[in-house]
Amino acid sequence: MHRTPHSSPHLRVMSVLGLLTALLLPLGMALAPRATAAPAADPVRVMPLGDSITGSPGCWRAVLWNRLVNSGYKDIDFVGTLPPQGCGQAHDGDNEGHGGELVTNVADRNLLPGRLASTLPDIVVMHFGTNDVWSGISPDRILAAYTTLVAQMRASNPDMRILVAQLIPMNPSSCAACAQRVVDFNARIPGWARATGTDRSPVTVVDQWTGFSTATDTYDGVHPNASGDDKIAARWFPPLTAALDAGVPPGPGGPGDPGGDPVACTARFRAVSTWQGGYQGEVTVTNSSASAVPGWTATVVPANGARLSQVWNGALTTAADGTATVTNVAWNGTLAPGASATFGFVASAPATSGTPAATVTCAGGAAAG
């Protein structure tokens, strides 16, 4: 005779608990708080703006990008409506360097606003005007085009930070006058920048001319070769990192608004005299901002294996690779807008080093002494 087994009270309790668990588990899962990752900060968007020197292929951008990344700058995005154009090394190649373009045409034809709307940069790095200079267009007209472009940049982003290059030298075989035209135009840029920069949207002048040789740093008297790319990237790096370190302002009057121009300066190298195995040089530091510079630091990278051995009117620190850092002394650190200070140095050089050359950059900072 078969007996129907009876569940024990203990088993009945366990079944009820199991049923409750099955019913409540989805509800509990729905009600349980979910851990969410903090949203990542938007990258700072940097637009390289110019002509073929910037974009065809403009390999200084690749050098600059990799130097930034290797220095710890990860949240950056190079932007532009043009795609990468080679260069043989991985980099963010988006850019706004249109080969053959004149800055005066871009202004006259109102081409920049659409490009800005497509890319929304926070910082513009501009080397623009070589074709205009080559075409014999007057500095006044080129600078008027600069002013138009700056107004369009600020219409896109009122907090735009703008880095403007003094053009690299130019000496094409078909234009004997071009070399001096570049010198004449570059001399006008600092004054224009002082008049154009604002507290909210500073314009920083970057000296791309000093220490750049059309003979050794271009392949045709105009466009940079690998050596020229390295020099251009080295000049952009300090002011661009200063802009990146300053951060992107959240809006007018908001927290974190820097409330003033970044202190900016330019540096020029000159060889005073040479001898077998060395030379005497000097560097002139000029305040290119609209505010007083409370102190300055210049970086000198001598070419062809030379090394600084002595400095006057500055304090010298030399890295293992020969890069020299010179800071102001107590009496020459403060520079009013447009004012300059000069330090001299002696450098030792290999007998085969050739004509003295050096890449020099500078940045404002706290006064020494």
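Is the disulfide of Cys 175 and Cys 178 right-handed or left-handed, and what is the torsion about its S-S bond? Point 3 takes this up.

1. Overall picture. This is a predicted model. The protein has 369 residues, and 46% of them count as buried. Its secondary structure comes to 10 helices and 14 strands. Take the contacts between residues at least 6 apart in sequence: 74% of these join residues at least 24 apart.

2. Disulfide count and order. The whole structure holds 3 disulfides. A disulfide is a covalent bond between the sulfur atoms of two cysteines. Counting bonded cysteines along the chain, the pattern is 1-2, 3-4, 5-6.

3. Cys 175 and Cys 178. The sulfur atoms of Cys 175 and Cys 178 are 2.0 Å apart. The torsion about their S-S bond is about 90°, so this disulfide is right-handed. Cys 175 is buried, at 7% relative accessible area. Cys 178 is buried too, at 0%.

4. Cys 59 and Cys 87. Here the sulfur atoms lie 2.1 Å apart. The link of Cys 59 and Cys 87 is left-handed, with -95° about the S-S bond. Cys 59 sits in the loop between helix 2 and helix 3, and Cys 87 in the loop between strand 2 and strand 3, so the pair ties together parts 28 residues apart in sequence. Cys 59 counts as buried because its relative accessibility is 15%, which is under 20%. Cys 87, at 24%, counts as partly exposed.

5. Cys 265 and Cys 362. A disulfide joins Cys 265 to Cys 362, with 2.2 Å from S to S. Cys 265 lies in strand 7 and Cys 362 in strand 14, so the link ties together parts 97 residues apart in sequence. Both cysteines, Cys 265 and Cys 362, are buried.

6. Backbone points to check. Most residues other than glycine have a negative phi, and most peptide bonds are trans. Cys 87 is not a glycine, yet has a positive phi of about 100°. Leu 120 also has a positive phi, near 50°. Leu 120 is in the loop between helix 5 and strand 4. The peptide bond from Ser 56 to Pro 57 is cis, with omega near 0°. Pro 57 is placed in the loop between helix 2 and helix 3.

7. Thr 130. This residue lies in helix 6, which spans residues 130-134. Thr 130 counts as buried, at 5% relative accessibility. Beyond its neighbours within four places in sequence, Thr 130 is in contact with Asp 51, Ile 53, Leu 167, Met 170 and Val 222.

Note on methods:
Residues are numbered from 1 along each chain as its sequence is written. This is a predicted model: local features need pLDDT of at least 70, side-chain atom pairs count only at pLDDT 80 or more; totals for chains, interfaces and linings use all residues. Side-chain values use heavy atoms; hydrogens and water are left out. Helices (H or I, at least four residues) and strands (E, at least two) are DSSP runs, numbered from the N terminus. Buried means under 20% relative accessible area, exposed over 50%, partly exposed in between (1.4 Å probe, protein chains only). Contact means heavy atoms within 4.5 Å. A disulfide is a pair of cysteine sulfur atoms within 2.5 Å.
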